[in-house]
Amino acid sequence: MNMSTILEGKVALVTGVSHDGQVGQAVAKALAGKGAALAICAHTQSNVDARAKELRQAGARVLPLAANLTDESQVSLLVKRTLDEYKKIDILVNLAGGLTRYKPAVEHSLDDWNHELGNNLLSAFLTSRAVFPHMRDGGGGVIVNFARAGLSQANMVAYNCAKAGVEALTRTLALEGRDFGIRVNAVAPGLVDTASNIAAMKPKDMKRWAKREDIAEAVAFLASDAAAGITGQMIPVTGWGL
């Protein structure tokens with residue numbers, strides 16, 4: 001198998017492709033490098049346009065779209081515009097989200113709770129639900145979600161609960177998709193060498209951190225026919241952190 005063309009002819013919708021130095025940038029680059037045509041999504045049009053420019057310079061076909069993925073109507077429009085452009089969606093990568101509320105559980109406000117669950121769980125549900133019927137009617141597809149390796153860290157109650165929900169969503173959709181050729185898995189990173197993590201944590205030693213490119217390669221593998229026998233699984237990508 002030629003690994004550089006394992007996604008040739010596929011269309012991938014990837015959410016959370018926003019800032020430079022983040023996982024979304026690496027995932028989009030990896031999928032395009034393996035032959036996929038892309039629709040990429042971020043909350044802000046200028047950010048997604050910047051990532052699209054990079055991808056086009058590398059020879060990729062890419063449609064940049066802005067959407068609030070906690071808004072049902074905007075998710076529907078995102079999927080419609082992707083289908084208008086490409087006529088199909090073979091791969092959905094639900095990467096949008098992230099940790100934004102870090103404080104003890106008793107200090108989490110209802111707004112904190114709703115924000116983290118919205119960005120990390122509701123977004124994945126709404127986008128998966130919108131894409132699922134098109135994959136079903138088209139004979140199959142792949143959904144790759146983003147969970148988290150380990151859910152025991154303190155001061156992240158809403159985020160931890162959201163990611164536990166993503167695991168449940170992944171397994172449920174895998175069960176519902178198995179008769180339609182839809183595979184659903186999740187990548188579960190630990191600490192990743194994103195620009196934002198490095199800026200926030202200022203680590204002296206990153207030897208045990210996972211690399212963005214490692215996360216991206218795991219997504220590309222799960223999206224490809226090489227992973228045809230894998231569904232309903234959480235795939236840890238933790239670097240040497242274990």
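This note walks through a predicted model, point by point.

1. **Start with strand β2.** Six of its six residues are buried, so β2 is largely enclosed by the rest of the structure. Look at its two sides in turn. Ala-37, Ala-39 and Cys-41 are buried on one side. Leu-38, Ile-40 and Ala-42 are buried on the other. Both faces of β2 are therefore covered, and buried here means under 20% relative accessible area.

2. **The pairing with β1.** Strand β1 spans residues 11-15. Five bridges join β1 to β2, and the two strands run parallel. Val-14 has Ile-40 of β2 as its bridge partner. From β1 the chain passes through α1 to reach β2, and this β-α-β crossover is right-handed.

3. **The pairing with β3.** β2 pairs with β3 over five bridges, in the parallel sense. Leu-38 has Val-62 of β3 as its bridge partner. Here the chain goes from β2 through α2 to β3, and this β-α-β crossover is right-handed.

4. **Helix α1.** Is α1 mostly covered or mostly open? It is mostly covered, with nine of its eleven residues buried. Val-23, Gln-25, Val-27 and Leu-31 are among them. So what do the buried residues of α1 pack against? They pack against β1, β2, α2, β4, β5 and α7. Just after the helix comes Gly-35, with a positive phi of about 105°.

5. **Helix α2: length.** Helix α2 has 13 residues, numbered 45-57. At 1.5 Å a residue, they should span 18 Å. The C-alpha atoms at its ends are 18 Å apart, which agrees.

6. Gly-59 follows α2 and has a positive phi, near 95°.

7. **The nonpolar cores.** In soluble globular proteins, nonpolar side chains tend to be buried together. In this model the largest nonpolar core has 39 residues. Val-14, Val-27, Leu-31, Leu-38, Ile-40, Val-93 and Val-187 touch the most other members. The elements giving two or more residues to this core are β1, α1, β2, α2, β4, β5 and α7. Apart from it lies another core, of 29 residues, which includes Leu-65, Leu-69, Leu-173 and Val-184.

8. **Val-27.** This residue is one of the buried residues of α1. Leaving out residues up to four places away in sequence, which ones does Val-27 touch? They are Val-14, Val-93, Leu-95, Ala-216 and Val-219.

9. **Ile-91.** Ile-91 lies in strand β4. At 1% relative accessibility, it counts as buried. Ile-91 and Ala-12 are 79 residues apart along the chain, yet their C-alpha atoms are separated by 4.4 Å. Not counting residues up to four places away in sequence, Ile-91 touches Leu-7, Lys-10, Val-11, Ala-12, Leu-13, Met-135, Val-142 and Ala-223.

10. **Trp-113.** Helix α4, residues 110-138, holds Trp-113. Is Trp-113 partly exposed or buried? It is partly exposed, with a relative accessible area of 32%. Trp-113 and Ala-158 are 45 residues apart in sequence, but 5.2 Å apart in space, C-alpha to C-alpha. Apart from neighbours within four places in sequence, Trp-113 is in contact with Val-157, Ala-158 and Cys-161.

11. **Thr-238.** Find Thr-238 in the segment after β7, a strand at residues 234-237. Thr-238 has a relative accessible area of 16%, and the cut-off for buried is under 20%, so Thr-238 counts as buried. Not counting residues up to four places away in sequence, Thr-238 touches Ala-149, Ala-188, Gly-190, Arg-208 and Ala-210.

How values were computed
Residues numbered from 1 in each chain as written. Predicted model: local features only at pLDDT ≥ 70, side-chain atom pairs only at ≥ 80, totals over all residues. Heavy atoms only, no water. Helix = DSSP H or I, 4+ residues; strand = E, 2+ residues; numbered from the N terminus. Expected span 1.5 Å × (residues − 1). Buried < 20%, exposed > 50% of the residue type's maximum accessible area, 1.4 Å probe, protein only. Pairing = 2+ DSSP bridges. Right-handed = clockwise from strand over helix to strand, strands pointing away. Core = buried A, V, L, I, M, F, W, Y, C linked by side-chain atoms within 4.5 Å. Contact = heavy atoms within 4.5 Å.
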